[in-house]
Amino acid sequence: MSLHFGGISVLDAVSFDVPRGSIFGLVGPNGAGKTSLFNCISGHYQPSAGSILVDGTETVRAPAWRMAKFGLARTFQHPALRLDASVLENVMLGAHSWMPGGPVAWSLRLPPTRKREREARATALDLLERTGLGWAAAMPADELSHGLHKGVELCRALLSRPRLLLLDEPAAGLSHSEVEQLIGTVREMRREFELTVVVVEHHMGLISALTDRVVVLDHGAKLMEGTAAEAQSDSRVVEAYLGREAGADESA
Ligand SMILES: Nc1ncnc2c1ncn2[C@@H]1O[C@H](COP(=O)(O)OP(=O)(O)OP(=O)(O)O)[C@@H](O)[C@H]1O
């Protein structure tokens, strides 16, 4: 799969398979193309060439809002929450992909809709409890810290019942203990919901603890694929990181 913006190549024939049920890491230096690749998978960007298959179904021309139909949910580097709404209301937005009816049925709140809404609310509260956020359910989202917003976004993504969960830098801005809790939560959710997870992350502790395999990107191309330990001891990977840091030092 390739991605160009004008004459600039952002991703150059990047190709890999994510085994079902695995936790797969996308790593690489700043500007390597990780978020752009994520945006292609989640339908926020249209690749210039190539294909993306989710459970054998081509998703490339589907817009981002249809991705839940393919069993796909994502979180963002900077959580996209409705800050004026409560934490529970934010999580409940994840249920819209499987609620029966549409906006008219929801506003009329017919009996089948009410029943599903009760189910969704109970599941949302359960997810919040299990990620340590039960106490915040009724609070306006803007009263929570950045780290807690990430937990709320994760609950919202899980409520959409995904088969493939995309996490974009979930550890950024989290404290050490919050990262530990996140690792436990993702492991538990993977097991319970039989999820496949793809995670973009700079936090190598999280990548080592969580992932079965990683792909390392550099300058929009795939540098290597293997376990996190193999990646960390690969001379090409070490050079890509050091080279980028040296470049940053020179320009500083
Ligand atoms: N919408 C866009 N238009 C033009 N160029 C873009 C666009 N989105 C990304 N790029 C460019 O693509 C390259 C890869 O960016 P991307 O954000 O995907 O990298 P990254 O590996 O996620 O970096 P980081 O770790 O810093 O988040 C960068 O040079 C960036 O400027």
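What follows is a conversation about the fold, the ligand shell, the core and a few elements of this chain.

Modeller: Please keep in mind that this is a predicted model, in which local features need pLDDT of at least 70 and side-chain atom pairs count only at pLDDT 80 or more, while totals for chains, interfaces and linings use all residues. Residues are numbered from 1 along each chain as its sequence is written.

Biologist: How many helices and strands does the chain have?

Modeller: Helices (H or I, at least four residues) and strands (E, at least two) are DSSP runs, numbered from the N terminus. By that reading, the chain has nine helices and ten strands, and its C-alpha trace spans about 60 × 40 × 35 Å along the principal axes.

Biologist: What radius of gyration would a compact globule with 252 residues have, and what does the chain have?

Modeller: The radius of gyration is taken over C-alpha atoms, and the globule rule is 2.2 Å times the number of residues to the power 0.38. For 252 residues a compact globule would have a value near 18 Å, and the chain, with 19 Å, agrees with this.

Biologist: Which residues surround the ligand?

Modeller: A residue counts as near a molecule if its C-beta atom, placed from the backbone, lies within 6 Å of it. The ligand is surrounded by F5, V10, G28, N30, G31, A32, G33, K34, T35 and S36, and helix α1 (residues 34–41) gives the most to this shell, with three residues.

Biologist: And what of α1 itself: which of its residues are buried?

Modeller: A residue is buried if 20 or more other C-beta atoms lie within 10 Å of its own, exposed if 12 or fewer, and partly exposed in between, with C-beta atoms placed from the backbone. In α1, six of the eight residues are buried, namely K34, L37, F38, N39, C40 and I41. They pack against β1, β2, β3 (23–27), β7 (164–168), β8 (196–200) and β9 (213–218), and α1 is followed by G43, whose phi is positive, near 85 degrees.

Biologist: How do β1 and β2 run?

Modeller: Strand β1 (residues 3–5) and strand β2 (residues 8–11) run antiparallel and are joined by three bridges, with S9 in β2 as the bridge partner of H4. They form a hairpin with two residues between them, and G6 in the turn has a positive phi of about 60 degrees.

Biologist: Which residues have the most contacts inside the largest nonpolar core?

Modeller: In soluble globular proteins, nonpolar side chains tend to be buried together. A nonpolar core is a set of buried Ala, Val, Leu, Ile, Met, Phe, Trp, Tyr and Cys residues joined through C-beta atoms within 7 Å. Here the largest has 59 residues, and V91, V152, C155 and V197 have the most contacts inside it. The largest share of this core, seven residues, comes from helix α5 (residues 146–159).

Note on methods: Pairing = 2+ DSSP bridges. Contact = placed C-beta atoms within 7 Å.
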